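Here's a quick briefing to read with the model open. Take it topic by topic.

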Amino acid sequence: MFQNWAKTYGSSPELFFQPTSVEEIREILDMARQRNKRVKVVGGGHSPSDIACTDDFMIQMGKMNKVLKVDKEKQQVTVEGGIFLSDLNVELSKHGLALANLGAVSEVAAAGVIGTGTHNTGIKHGILPTQVVGLSLLTASGDILECSESINADIFQAARLHLGCLGVVLTVTFQCVPQFHLHEVTFPSTLTEVLNHLDDHLKRSQYFRFLWFPHSENVTVIYQDPTNKAGTTGPQEEGRRAITKAASQSLVPSQVWIWTFFIMGERCGGLCVRFSIHTPAPKWDGESCNPCQTLMTIIFLCLALQPPSSSANWFWDYAVGYYLLEFLLWISTFVPTLVRWINRFFFWLLFSSRVENINISYKIFNYECRFKQHVQDWAIPIEKTKEALLELKAALENNPKMVAHYPVEVRFARADEIWLSPCFQRDSCYMNIIMYRPYGKNVPRLNYWLTYEGIMKKYGGRPHWAKAHSCTRKDFEKMYPAFPKFCSVRDKLDPTGMFLNTYLEKVFY
Ligand SMILES: Cc1cc2nc3c(=O)[nH]c(=O)nc-3n(C[C@H](O)[C@H](O)[C@H](O)COP(=O)(O)OP(=O)(O)OC[C@H]3O[C@@H](n4cnc5c(N)ncnc54)[C@H](O)[C@@H]3O)c2cc1C
């Protein structure tokens, strides 16, 4: 059984393979051809849609995960398609190199992130596929195609954002940059201020993004900029890591545990505060614990609720920002109007003061996404940011029954020439909306989803390929001027549709 990270989509492949060589993949494709089966290649399985699902043959590329070549002069790295970016980041760092931009998580494969057009933020930076300067594809016929700007240029423009439908991506060559540190500053603001001064914010910070808390004016602005200062991970942060590492090693599901932890933090005007908690273990691996376990934890939390004054720690990140929030969101499934108060309360509690952090780039780009969630993330022309967000805000105000979890994450990306890139030929604003699934429970979201999609379409939006959307071929033909070119490359490379699945049939038929 295959399930994506959020456990929102899954499938039962007839056969599951983890090949270790190109020859083995060829054999799998031969077998698929003989038996008239389809094939889906999966990377980290993080896509919050059914794009990586199949009931036929699934190939997981986790064992084809080597760094093949580091060209220090050109600052380029060639890797096998299955390498996780978390491993690549560390390898690059050993050579004094880094990727110029990354998404929120690195437990994703090189071929997987480019396959769906993963992006971060920064108006001078393109989506992740813009960092690709070459790749090789094993096509349905068993041929290997090398492609770059100068070799098989058309296939290259298609394969940089390939949707998993052109063949098996064997290798990817990334253009890197010298390793760098980032200085992150997070501070509170209002939606009006940010939207009225959007250009200033975009100029002021290389990797600017902001989080809007729906049902309110509250915004958290996040600036990230290269710095010469070395990493300043303080003892507090190190302490938190040690605690959470130990916790992750010792926790056994449903085992009653006694865990004493100390939170050394700058709380109460800089005093060190210690808490001692004896409670059934909330599971650490990102799985939800149940409402009763959480309630016990919360009793202890109530002793200590004061907004943080500097960098985060386990208490605020997990006990409050995860377990308490999940519990309250679960309660709100019975009383939906609570959501607007939860959004405001958590902004006040966790996001209302300025926080600074410096670290190596990938540790700042990546952040922990704790909640299983449903997401939509459309890219609209950047000049429509204000109108679109204000329309979404008005829609929520005018429809009190429609609730929206926080945050709406707003990010920016430079225009590119990649045929199926949501940023094709236009600077773009990505507007990511979420609805969490507290304790795995689905929260009604249809109304919010349709309203958001309607607004995105009205402003010329294009959906993120990995995330939820209801678009079909007709929509994509209108959205993407180069859609016919992509289709003709796909028809040529995969005439029998070996690499299609249900998701892709909606895109191409
Ligand atoms: C917690 C979380 C945080 C996220 N943060 C961001 C973010 O900040 N920005 C953003 O844009 N997106 C984000 N995403 C979405 C994520 O980046 C994309 O879904 C990405 O494609 C996941 O990579 P993966 O390796 O898991 O790919 P998968 O989901 O495994 O596969 C994605 C596509 O690539 C294809 N594929 C994978 N490997 C190969 C191969 N070797 N050859 C051919 N096809 C292949 C698959 O068939 C599929 O079509 C996030 C998702 C999660 C769950």
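At what angle do helix α12 and helix α13 pack, and how far apart are their axes? They pack at about 155°, with the axes 10 Å apart; axes here are lines fitted to C-alpha atoms, for helices over the stretch in contact, and angles run from 0 to 180 degrees between N-to-C directions. That makes α12 roughly antiparallel to α13 (angles over 145 degrees count as roughly antiparallel).

Keep in mind that this is a predicted model, where local features need pLDDT of at least 70, side-chain atom pairs count only at pLDDT 80 or more, and totals for chains, interfaces and linings use all residues. Residues are numbered from 1 along each chain as its sequence is written.

**The helix pair**
- Helix α12 covers residues 385-398 and helix α13 covers 446-458; helices (H or I, at least four residues) and strands (E, at least two) are DSSP runs, numbered from the N terminus.
- On the α12 side, Ala 388, Glu 391, Leu 392 and Ala 395 meet Thr 451, Tyr 452 and Ile 455 of α13 (in contact means C-beta atoms, placed from the backbone, within 7 Å).
- By class, that contact has five nonpolar, one polar and one charged residues; Ala, Val, Leu, Ile, Met, Phe, Trp, Tyr, Cys and Pro count as nonpolar, Asp, Glu, Lys and Arg as charged, and the others, Gly among them, as polar.

**The three-stranded sheet**
- This open sheet runs β3-β5-β4 with parallel pairing (two strands pair if DSSP finds at least two bridges between them).
- At its edges are β3 (15-17) and β4 (39-42), each pairing on one side only.
- Three bridges link β3 to β5 (residues 57-60).
- Leu 15 has Phe 57 in β5 as its bridge partner.
- Helix α1 (residues 22-35) packs on the sheet and touches β3, β4 and β5, its direction making about 170° with that of β5.

**The eight-stranded sheet**
- The order here is β16-β13-β15-β14-β18-β19-β17-β20, an open sheet with antiparallel pairing.
- Since β16 (355-360) and β20 (462-463) stand at the edges with a single partner strand each, one side of each is left without a neighbour in the sheet.
- Strands β17 (residues 373-381) and β19 (residues 428-436) run antiparallel, joined by nine bridges.
- Ile 380 has Cys 429 in β19 as its bridge partner.

**Around the ligand**
- Of the 35 residues around the ligand, Gly 43, Gly 44, Gly 112, Gly 115 and Gly 164 come nearest (a residue is near if its C-beta atom, placed from the backbone, lies within 6 Å).
- The largest share of this shell, four residues, comes from α3.
- By class, the shell divides into 19 nonpolar, 15 polar and one charged.

Conventions:
Parallel < 35°, antiparallel > 145°, perpendicular 65-115°, else oblique. Contact = placed C-beta atoms within 7 Å.
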